[in-house]
Amino acid sequence: SYSVTGVQTCALPIYLAAHPVPAERNRFGGWAAGPQLEATGRFRATKHEGKWWFVDPEGRLFWSAGVTCVRPESSGPVLGRERYFTWLPEEGDPLRQFYSTKGDGWLDFGKMNLFRKFGEDYPAVSHDLAVRRLASWGFNTVGNWSDGAVWRLARMPYTIPVGYQSPRVPIWERRSFPDVFAPGFEEAVRQGVAKQAEFKDDPWLLGVFIENELPWAGWGNRPYLLPATILAAEEDSEMRRVMLRNLRET
C-alpha cells in the first residue's frame with residue numbers, strides 16, 4: 001500500500017506496476033536519449049534539423065501526448081430523469097454532497113465511488129492515481145481543463161486555459177470566433193494571461209491555450225465557413241472591415 005497526504009489506500013493495480021513509465025523518457029517526459037539541446041529550465045519551442053519541436057527544461061526533445069480534463073468528475077443531469085435510477089442519495093446521506101438539486105440536478109457517480117473507496121481525501125488520491133495511470137499508459141502531458149491540484153503535483157507537464165472577454169463573431173451553431181481586430185482584443189488576452197502569472201516560472205508548464213475548437217474553414221463540411229460567414233454577417237465587425245479592405249486592395 002502507499003500513503004497520500006497521510007491517508008492509507010489500497011495497493012496500486014498490478015497493471016501499473018507491470019507497466020512503468022517508458023524507459024527512454026526523462027523526468028519531464030522528454031526523449032532522454034535524444035539530442036541534447038540547451039537546457040533553459042523551462043519548456044520552449046525551437047526548430048531542430050528543419051522541424052519544429054518542443055524542448056523540455058533539461059534540453060531534450062519533447063513530443064506532447066496529453067489527456068484533457070484530468071479531474072475526479074463524472075457527472076450528469078438527473079432532474080426529470082429520476083425514473084432511470086434505482087437509487088439516489090437522500091438528505092442526510094454523506095453521498096448527498098455529490099447530488100445538486102439546482103438547475104438540472106447534477107449527480108456525480110464518479111466522485112461518489114471515489115468517496116466510497118478513499119474517503120474525504122479522495123481528490124488527492126485520485127490525482128495521484130491519475131498521474132500514475134497516464135504515465136503508465138505512455139502519456140506525458142496533463143491537458144487543458146484539468147484540476148489545478150494535478151498541475152501542482154509537479155510530476156507531469158501541463159497546459160492551462162486562459163480566459164478573456166472580447167467581442168466575438170457568431171460563426172456556426174454555438175461556435176464563434178474572436179474578433180481579433182477589435183479594439184482591446186490584444187489587451188484583453190494580455191490581462192487573461194496575467195491572471196495565470198503564478199505559473200509563469202513553473203518548469204512543468206508546457207504552455208497555455210487562449211481558445212478551443214475554433215470554427216476555421218472546413219468546420220461542418222463547409223470549406224469557406226469562416227470567411228463566408230464573416231462577410232455575410234448582418235452585424236458589422238472589425239474582422240469584416242479588414243477582410244473587405246484587403247479584398248478591395250487585392
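1. Of the 250 residues of the chain, 36% count as buried, where buried means under 20% relative accessible area with a 1.4 Å probe and protein chains only. The model is predicted: local features need pLDDT of at least 70, side-chain atom pairs count only at pLDDT 80 or more, and totals for chains, interfaces and linings use all residues. Residues are numbered from 1 along each chain as its sequence is written, and side-chain values use heavy atoms, with hydrogens and water left out.

2. The chain has a radius of gyration of 23 Å, whereas a compact globule of 250 residues would have one near 18 Å. This radius is taken over C-alpha atoms, and the globule rule is 2.2 Å times the number of residues to the power 0.38. Along the principal axes, the C-alpha atoms fill a box of roughly 70 × 60 × 35 Å.

3. The secondary structure comprises 7 helices and 13 strands, which are DSSP runs numbered from the N terminus (helices: H or I, at least four residues; strands: E, at least two).

4. Helix H3, residues 122-136, reaches 21 Å from its first C-alpha to its last, close to the 21 Å expected for its 15 residues at 1.5 Å a residue; the expected span is 1.5 Å times one less than the number of residues.

5. H3 is largely enclosed by the rest of the structure, because 11 of its 15 residues are buried. Among them are Tyr122, His127, Asp128 and Leu134. Gly138, which follows H3, has a positive phi, near 100°.

Key. Buried < 20%, exposed > 50% of the residue type's maximum accessible area, 1.4 Å probe, protein only.
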